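Here is a guided walk through a protein model with more than one part to look at. Please have a look at the sequence and the picture before reading on.

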Amino acid sequence: MRILVVEDDFLVADAIRRGLCMSGFAVDCASDAEQAAAALAAEHFDLALLDIALPGSDGLTFLRRLRNAGTHLPVMILTARETLATKVQALDLGADDFLVKPFEQSELAARCRALIRRSNLKSSGQLTLGKLRIDITGRQLYIDAEPVELTNREWLIVECLALNAGRIVTKERLQQAVASWDQAITPNAVEVHVSRVRAKLGESVVLRAVRGLGYRLDEPR
Amino acid sequence: MTAGSASATSIRRRLLLFLLPPLTLLMLVGVLINYRTATIFVRAAYDQKLADIARSFATQIQQGKPTPSVAPPGILFSISTPGGQTLAGRPGLPAAASGSAPLTYGDANLSGQDLRLATYRIPEAVITVAENDASRPNPGRFILASNWLIDFIQLDIILLIVWIGVHFGLKPLLALRRQIEARSARELSPLDTAPVPAEVRPLIDALNLLFELHAGAAQAQSRFVADTAHQLRTPIAGLLGSLQVLMREPAAAPLQSRLASLYEGVSTLSHSANQLLALARADRSTTLNDGFGKTDLKSAVERIVERNVDRAVECGLDLGAECSPANVEANARLLDDLLGNLMDNALKYTPSGGRVTVRCGYDAGRPFLEVEDDGPGIPESERPRVLERFYRIPGSAPGGCGLGLAIVDEIAKQHDARLSIESGAAHRGVRINLLFPAVRASAAESANRVAS
């Protein structure tokens with residue numbers, strides 16, 4: 001998976017490039033909007049990391065230009081300016097995520113994976129999460145390419161957790177995802193279904209219960 | 001300010017004080033003058049009647065007619081010769097003292113009765129006509145009864161008009177007062193000068209100028225914070241990132257411990273910079289009204305738990321939440337800073353195997369936020385001091401800069417929330433609770449309904 005880093009600070013760009021390379025991404029760097037435009041025109045990228053404070057045309061202007069040109073490339077904004085207004089503006093302009101400097105390398109890598117996962121889902125209808133492959137359109141779960149049998153409710157739980165991988169999914173939300181219009185389901189029943197799902201998924205992913213809130217599905221680190 | 005000085009500076013009171021007593025006095029004097037003049041006129045009219053009778057008697061005598069012997073009912077008379085011999089009427093009726101005019105008036109008392117006399121002196125006779133004062137309708141009482149009532153009503157109406165006039169005259173001022181009272185302390189937009197009376201206009205102009213200066217200063221401050229954030233964070237991000245990458249490189253293995261302490265140092269620098277910026281952000285002068293609005297505590301709690309789940313797992317802590325929906329009037333960014341700091345403290349100071357719980361909901365109608373851990377806790381003697389900037393409990397774990405709870409306290413003050421530090425369940429750990437002011441009843445009720 002290839003990522004374009006648009007960042008003018010050499011130290012930051014270098015750290016990101018090296019860090020993401022270690023996490024298994026291919027990374028190219030651009031130090032301003034013109035270089036970035038040239039790189040995007042020449043090659044295919046799965047994700048762009050975009051600093052706001054760039055020399056010349058700033059990151060948000062570049063983002064607007066990309067979206068106006070109809071590019072669906074996932075974009076994560078990296079910035080040291082964490083005002084709410086900036087964040088809202090960036091998301092309005094079509095940014096897919098927003099990360100404030102300084103950040104942990106592991107956090108950056110996890111967010112990059114999540115964004116690429118979501119964009120792949122849009123194009124292929126499939127989600128890959130560690131050893132899991134979830135075929136959303138075909139309603140089929142694979143672990144290491146082996147199909148896994150799931151009941152309807154277990155599938156709905158896996159689907160809901162996988163679509164929100166890396167984020168906490170509240171119990172109420174799972175309850176809504178699982179309940180059909182004629183059959184209500186109790187929170188306890190949700191727990192039972194989740195524990196069955198957990199048994200079937202095994203060690204292939206991390207399914208974590210967050211006390212009082214819900215569950216979070218993650219790739220193993 | 002004492003109640004006395006407050007009343008002295010109330011324009012309404014002053015106006016009423018300067019208008020009502022003098023007006024009342026003036027009205028009373030008017031009533032008195034009316035009474036006096038009315039008495040004089042009534043007396044003159046009755047005296048005229050006596051004079052007419054006396055004159056008609058005199059005419060009869062001068063025309064040589066028989067001496068009159070009958071008078072109208074209630075009238076006493078006596079006709080005597082200038083020498084004093086009684087010709088007709090009641091003997092012993094005294095005559096009014098003589099004067100320059102032939103007709104004089106006087107008062108006398110005859111066998112216990114107060115009499116009013118009119119004496120007409122002609123060459124032939126002295127004619128005295130008298131009337132009992134008591135038989136005259138009392139002019140005073142009569143006039144008083146009618147005029148007093150009218151004057152009293154008139155006085156009331158005038159007082160009412162003055163009161164209404166003062167009320168309406170001061171209305172623009174009261175409207176201004178309401179306009180100012182309705183603003184929050186953070187609101188710095190200029191006051192509307194359209195409805196302001198000309199007399200108060202310079203005051204409002206001065207206030208608006210002050211607001212403008214203050215808002216400008218606040219904006220400059222928040223711009224400074226943003227610029228500083230950028231200037232500090234970018235190199236820190238570069239340093240931290242490079243160190244993290246370096247530590248993962250096999251070639252750096254022999255330097256691992258030195259890299260780790262370097263990384264820890266840069267992390268502390270990063271943390272301190274972030275905390276100073278958070279403190280600046282929480283400062284009253286930079287947090288203007290923007291960013292304040294109805295904020296959902298539950299989603300703020302979910303955000304903070306989500307952000308810290310991994311760290312809690314790494315620290316071997318059980319992080320959880322117990323929350324029901326609750327809304328506060330708050331700045332979401334500051335609320336995140338507040339929760340972040342409480343969470344940071346809980347995760348930092350609770351030993352592995354511990355339990356950290358974040359709670360939110362309503363407590364007797366007031367929204368609350370709470371973070372509880374079962375770590376070492378804060379000794380009661382230290383509790384008042386931990387809110388001070390840069391204060392660290394002696395012997396506490398390194399890595400903090402002593403600003404966390406100061407930031408929490410500052411943000412709590414911004415939201416008029418009551419901050420309390422207590423021991424956790426079973427007297428272990430610490431429970432920090434923030435009780436916010438009750439939101440509008442309707443909002444709280446609807447949120448409660450959702451909760452139940």
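This is a predicted model: local features need pLDDT of at least 70, side-chain atom pairs count only at pLDDT 80 or more; totals for chains, interfaces and linings use all residues.

Residues are numbered from 1 along each chain as its sequence is written, while chains are lettered from A and ligands numbered from 1 in the order in which they are written.

**The two chains**

Helices (H or I, at least four residues) and strands (E, at least two) are DSSP runs, numbered from the N terminus. A residue is buried if 20 or more other C-beta atoms lie within 10 Å of its own, exposed if 12 or fewer, and partly exposed in between, with C-beta atoms placed from the backbone. Two residues are in contact if their C-beta atoms, placed in that way, lie within 7 Å.

Chain A has eight helices and twelve strands, and 34% of its 221 residues count as buried. In chain B there are ten helices and twelve strands, and buried residues make up 26% of its 452 residues. Now take the contacts between residues at least 6 apart in sequence: in chain A, 53% of them join residues at least 24 apart, and in chain B the share is 64%.

**Where the chains touch**

How many residues of chain A are in contact with chain B? There are 27, and they meet 28 residues of chain B. On the chain A side, the elements that give two or more residues are α1 and β11 (206–210). Helix α1(A) supplies the largest share, eight residues. By class, the chain A side divides into 13 nonpolar, four polar and ten charged residues. Here Ala, Val, Leu, Ile, Met, Phe, Trp, Tyr, Cys and Pro count as nonpolar, Asp, Glu, Lys and Arg as charged, and the others, Gly among them, as polar.

Helix α1(A) (residues 10–22) also meets a helix of its own chain: its axis and that of α5(A) (residues 105–124) come within 10 Å and cross at roughly 65 degrees. The axes are lines fitted to C-alpha atoms over the stretch in contact, and angles run from 0 to 180 degrees between N-to-C directions. Ile16(A), Gly19(A) and Leu20(A) of α1(A) make this contact with Gln105(A), Leu108(A), Ala109(A) and Cys112(A) of α5(A). Five of these residues are nonpolar, two are polar and none is charged.

**The nonpolar cores**

In soluble globular proteins, nonpolar side chains tend to be buried together. A nonpolar core is a set of buried Ala, Val, Leu, Ile, Met, Phe, Trp, Tyr and Cys residues joined through C-beta atoms within 7 Å. The largest core here has 113 residues, and those touching the most other members are Ile3(A), Val6(A), Leu49(A), Leu50(A), Val301(B), Val305(B) and Leu339(B). Not counting residues up to four places away in sequence, Val305(B) touches Ile168(A), Val210(A), Leu213(A), Leu319(B), Ala321(B) and Val358(B).

Val6(A) is in strand β1 (residues 2–6) of chain A. Is Val6(A) buried or exposed? It counts as buried because it has 27 C-beta neighbours inside 10 Å. The C-alpha atoms of Val6(A) and Asp28(A), 22 residues apart along the chain, are separated by 8.6 Å.

**Two helices of chain B**

The expected span of a helix is 1.5 Å times one less than its number of residues. Helix α8(B) (residues 332–349) has 18 residues and reaches 26 Å from its first C-alpha to its last, close to the 26 Å expected. Its buried residues include Leu334(B), Leu338(B), Leu342(B) and Tyr349(B). Helix α4(B) (residues 171–182) has twelve residues, and its end C-alpha atoms are 16 Å apart, in agreement with the 16 Å it should span. None of the twelve residues of α4(B) is buried, so this helix lies largely in the open.

Most residues other than glycine have a negative phi, and most peptide bonds are trans.

| Residue | Phi | C-beta neighbours inside 10 Å |
|---|---|---|
| Asp144(A) | about 50 degrees | 10, exposed |
| Ala145(A) | near 70 degrees | 7, exposed |

Asp144(A) is found in the loop between β8 (140–143) and β9 (146–148) of chain A, and Ala145(A) is in the loop between β8 and β9 too. Elsewhere, a cis peptide bond with omega of about -10 degrees joins Lys101(A) and Pro102(A). Pro102(A) lies in the loop between β5 (97–100) and α5 of chain A.
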